[in-house]
Amino acid sequence: MLIKQLMKVDVIIFGQLTEITNGSISLSDVPDTDSLVKELHKLYPALADAKYVMAVNKQVVVENTALTDKNTVALLPPFSGG
Amino acid sequence: MNSNHSYERYQRQIILKEFGEAGQEKLLQAKVLVIGAGGLGCPALQYLVAAGVGTIGIVDDDVVILNNLQRQVLYSVNDIGLSKAERAASILQQLNPDIKITAYNERLITQNALTIINAFDIIIDGTDNFSTRYMINDACVLVNKPLVFGAVSQYEGQLAIFNCKKKGKRSEETVNYRDVFPQPPKEGEVLNCADAGVLGVLPGIIGTMMANETIKLITGIGEPLINQMLTYNALTNQVYQLTLAARKETRSLIPEDKAEFLQTDYEWLCTSQGQELEIDANTFDNIVGIGSIDIIDVREPGEMPVINEFSHIKIPLARLTESISLIKSDTVVAFCQSGKRSLQAAKILSGIFGEAKKIYSLRGGIVQWKHHQAKQPV
């Protein structure tokens, strides 16, 4: 249990998603990306409708991916501007 | 490289050890297509032309307007109302008369995309909308061309090279934009620069990086951003680099062949209420000729140019909803300076009148229409 409580994941937010989350955030007790997404949607319901790609430790992931302490998750929205 | 003149022009990069005369020769042989001569396209073009890329194509159907000058640094006030592709080509040709520059003063659509793209080795996407971006991505996958991708929003930029194998890794799977974002967002889901704003210097930085990646790809030096996406934040100077991977399901989203590509409606995929409401200058002229139509100038009083070529009523966008009693005809066309406010007006009017009236907005605004008029034979 002690290990679980110490587990912390940094979530780096990009682009206009920062307007939803008000910047980057830290979450604890998220064993995988599915539970992280669930937690994020609970904290920021508007994220559920947002379009983004997720990366764990700078590697884009599509499937549910296990998270460990000090992992960094990034959420990147698409940009169209030119 | 056979002339001293050429050597002198490119001397500063030829003396670079990894680059050399061989690198310069590769640039001179290369054919690069820049789609969008805007915030990203301008700086990318300037450096590619200066570096001596031998053949360059510029696709853009837009004209220069005043609010472009904050970031589209090739143009000046004298270019307002003129074709971006043609002005860019002419300005850049003066920078380097030794290379071949072709202007395509047309919108890239499915009907012309494959032919234009096929004439070049590397494609640079500096466009400003998702429908064109997805179309370019799919076209590059279909005809197998490397795509240098750049995009900006507010203070952040993205940069990547898609559909390209790493040097010496021929078996490796290529990654394209749909591996990152499989489906285009619907209209309004992600704001564009016109709505969200952009710091002018940001596309300058990202566009210059796009030129850099292109030069690296052509000459084979360094580590181009193949299968990676770099994000840059102009406020914090933070750079974040992601490794991308191909997805199995992506291939099914991309048209299988030319015929399927031609049938794909990219604008519809991205909205498409807006596009249905918009008409181009040609269609506008035809509709005006028919009569029994209300044309509305939704600009503020006093905005230039004054229009006396056709009769119209003046209702500034802000006063539209309270003034709908002035609108009597069954066909209504709104216009403004650039086509942005009139599109908003058309949406408002569609909301009010529903199916009862045919509502349109003049795409590209009165600036584009004037330009279109100037090109008509008298």
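**Strands, helices and the chain contact**

Ile279(B) stands opposite Leu362(B) in strand E13(B). This is a predicted model, in which local features need pLDDT of at least 70 and side-chain atom pairs count only at pLDDT 80 or more, whereas totals for chains, interfaces and linings use all residues. Residues are numbered from 1 along each chain as its sequence is written, while chains are lettered from A and ligands numbered from 1 in the order in which they are written.

Q: Why are E9(B) and E11(B) called edge strands?
A: The open sheet of five strands has the order E9-E13-E12-E10-E11 in chain B, with parallel pairing, and its edge strands E9 (278–279) and E11 (313–314) each pair on one side only.

Q: How do you know that E7(B) and E8(B) pair, and in which direction do they run?
A: Five bridges join E7(B), residues 228–233, to E8(B), and the two run antiparallel; Thr231(B) has Tyr240(B) as its bridge partner in E8(B). The two strands form a hairpin with five residues between them, where Asn237(B) in the turn has a positive phi of about 65 degrees.

Q: Why are H2(B) and H9(B) called roughly perpendicular?
A: Axes are lines fitted to C-alpha atoms, for helices over the stretch in contact, and angles run from 0 to 180 degrees between N-to-C directions. Angles under 35 degrees count as roughly parallel, over 145 as roughly antiparallel, 65 to 115 as roughly perpendicular and the rest as oblique. H2(B), residues 20–29, and H9(B), residues 201–219, pack at about 110 degrees with their axes 9 Å apart, and are therefore roughly perpendicular to each other.

Q: Which residues make the contact of H2(B) with H9(B)?
A: Gly23(B), Lys26(B) and Leu27(B) of H2(B) meet Ile215(B), Ile218(B) and Thr219(B) of H9(B), where contact requires C-beta atoms, placed from the backbone, within 7 Å.

Q: How many residues of each chain are in contact with the other?
A: In chain B 34 residues are in contact with 18 residues of chain A, and E8(B), residues 239–243, gives the most to this side of chain B, with four residues.

Terms used. Contact = placed C-beta atoms within 7 Å. Pairing = 2+ DSSP bridges.
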